[in-house]
Amino acid sequence: MKKYGWLLFLAFWLCLIPSFHKAEAAGVGLFLDGERLNMSGDATGEMVNGKVMVPLRVIGEELGYKFEWEPKEYKVTVHKSNTDISMYVGRTMAYVGKEEVQLDSPPLLRGSSTLVPLRFVGEQLGLSVKWDNAGKAVYLQKLAADADKDSDSDSKADEPGTDPDTDNDTNTDSGAVDNVSEIYGISFEDGRLTVSADEASEPKLSALTGPDRIVIDFQNAKFAEKLKEQYLEDSDGTRVIEVDANDDVQFIRFAQFDDGESAARIVLVLNSAKGYTVAQENGEYVIVLNDSPGEPADETVNTPAKPSNPAIPSGQDGRWLVVLDAGHGGKDPGASSITGRTEKEFNLAVALKVQERLQGDPDIELVLTRDGDNYPELEERSSLANGLNANVFVSIHANSMPKTATGMLANGSETYYTRNDSKELALVMQKYLAEATGLKDNGIKVQNLHVTRETKMPAVLLEAGYLSNAGDEAALYSEETQNRIAEGIVNALREYLDL
């Protein structure tokens, strides 16, 4: 009976996994030292949100490592020599020994198997990783025990170094140039390719055939390491971003090349020839596809849609329009505190206190994404702000870490933003947030979050504190601290909007 009870518990937990963990492509092949690894039943590799996920048991058995599953914490541990590698299902924070590391994709449960992000495991277990996009296969190679940190030099010797104007769309850089701008974000949605860059020069675009594709070149630019780490490197040195079922685009690839100065290339591989327009929107370049293949390729239209400091109030009666988002809600409780309280409760309490303070304000019109225990989808939250042409977007959250000794020590307040146009808002918000909570000031951080990426105005996400920390939790659920946070948000808005 205990066995069946465990299986029922697993099935129930799987129902709680968010829908975004859908597999974009099933049946990813896995090869170790040239030999195909046997994966059957639910122990198969998958492409999930552009990341290759593989069953830990398969790799562990092949390499001779021991691993264990702790169901109460949804924790999987790989025992490697004197170092333990620990990961938690559904969480992007992992541990190598006592060191905290960030995963680009959280581990998943598939039946009785745990799928883990391949690149992280490969690197931690001493494997080189190559991705064959055409064959949807991963090739792992054991590294020599005495290999140094430059052990991947052999594979790089075979990478192409051809001129970018030849038939090769992307090829790798033979040298680095200092003081180049960084490309830190690439996303595709609703027929729009968005490239987020740090003061990048205007791109040169070309429409090519055989196959149909659009090539975007940024001179004197490079891809940020954090962006590259999110995608596996193909055998030819490129990285591939999978695109959900789309009538126009098959996939996106990007790589560095060298044409006398550092240059970055992004390629949209199409199903058929398309035209496009280009808009520069405060540090971002948006390539919009259309059905006119004959449109000039290098026409760039500067139509800013995301003011770094909004100059024209968009609310009623000339007021500044602010959309305030209480994170999570309804079916999605968010993080849990150490005493069992939910993040959604804290988020909404603060949002309502901000609303009280701005009721009837002559300068600021406030709109809430939710004012009760309901759950608007992420797309609904960003669409609401965009549809209202809001001046500012602020999302309220509280953080959490796994219930380990290390996790319980994590503490402090931090503010996240995605685009350069939001940095000034993030700095102001973090100043008032840290002062209001009285917790450790963790500063501002860049992260690719939906609500801060898809909104068309300066947008930030506040993490007021860690619910997994006893001190932070006690502070965040106190009426006094919540009032101070609400007052701090109002004061930050007034400073940012120069009121």
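Mentor: In this structure, helices (H or I, at least four residues) and strands (E, at least two) are DSSP runs, numbered from the N terminus. On that basis the secondary structure of the chain comes to 12 helices and 30 strands. The model is predicted: local features need pLDDT of at least 70, side-chain atom pairs count only at pLDDT 80 or more, and totals for chains, interfaces and linings use all residues. Residues are numbered from 1 along each chain as its sequence is written, and side-chain values use heavy atoms, with hydrogens and water left out.

Trainee: What share of the chain do buried residues make up?

Mentor: Of the 499 residues in the chain, 50% are buried. Buried means under 20% relative accessible area, exposed over 50%, and partly exposed in between (1.4 Å probe, protein chains only).

Trainee: What share of the contacts comes from residues 24 or more positions apart?

Mentor: Among contacts in the chain with a separation of 6 or more, residues 24 or more positions apart account for 65%. Contact means heavy atoms within 4.5 Å.

Trainee: Why is H9 called roughly antiparallel to H12?

Mentor: The axes of H9 (residues 423–437) and H12 (residues 479–496) come within 8 Å and cross at roughly 150°. That angle makes H9 roughly antiparallel to H12, because angles over 145 degrees count as roughly antiparallel, under 35 as roughly parallel, 65 to 115 as roughly perpendicular and the rest as oblique. The axes are lines fitted to C-alpha atoms, for helices over the stretch in contact, and the angles run from 0 to 180 degrees between N-to-C directions.

Trainee: Which residues make the contact between H9 and H12?

Mentor: On H9 they include Leu-425, Val-428, Met-429, Tyr-432 and Leu-433. On H12 they include Ile-485, Gly-488, Ile-489, Ala-492 and Tyr-496. By class, the contact has 11 nonpolar, 4 polar and 4 charged residues. Here Ala, Val, Leu, Ile, Met, Phe, Trp, Tyr, Cys and Pro count as nonpolar, Asp, Glu, Lys and Arg as charged, and the others, Gly among them, as polar.

Trainee: How do you know that the span of H9 agrees with what 15 residues should give?

Mentor: The expected span of a helix is 1.5 Å times one less than its number of residues. For the 15 residues of H9 that should be 21 Å, and the end C-alpha atoms are 21 Å apart, so the two agree. H12, with 18 residues, reaches 26 Å from its first C-alpha to its last, close to the expected 26 Å.

Trainee: Which parts of the chain cover the buried residues of H9?

Mentor: The buried residues of H9 include Leu-425, Ala-426, Val-428 and Met-429. Their cover includes strands S27 (392–399), S28 (413–417), S29 (441–446) and S30, along with helices H11 (470–476) and H12. In H12 itself, Thr-481, Ile-485 and Leu-493 are among the buried residues.

Trainee: What makes Val-460 count as buried?

Mentor: Val-460 has a relative accessible area of 0%, and the limit for buried is under 20%, so Val-460 is buried. Val-460 lies in strand S30 (residues 459–466). Among the residues that Val-460 touches are Phe-393, Tyr-416, Leu-425, Ala-426 and Met-429.

Trainee: Why is Ile-444 called partly exposed?

Mentor: Ile-444 has 25% relative accessibility, so it counts as partly exposed. Ile-444 is found in strand S29, and its contacts include Lys-423, Ala-426, Leu-427 and Gln-430. From Ile-444 to Leu-427 the C-alpha distance is 6.6 Å, at 17 residues apart in sequence.

Trainee: Is Lys-353 buried or exposed?

Mentor: Lys-353 counts as buried, because its relative accessibility is 9%. Lys-353 lies in helix H6 and touches Glu-479, Gln-482, Asn-483 and Ala-486, not counting residues up to four places away in sequence.

Trainee: Why is Asn-220 called partly exposed, and what makes His-328 count as buried?

Mentor: Asn-220 has a relative accessible area of 29%, so it is partly exposed. His-328, at 19% relative accessibility, counts as buried. Asn-220 lies in the loop between strand S17 (213–219) and strand S18 (221–223), and its phi is near 50°, a positive value in a residue other than glycine. His-328 is in the loop between strand S25 (320–326) and helix H6 (343–358), with a positive phi near 65°.
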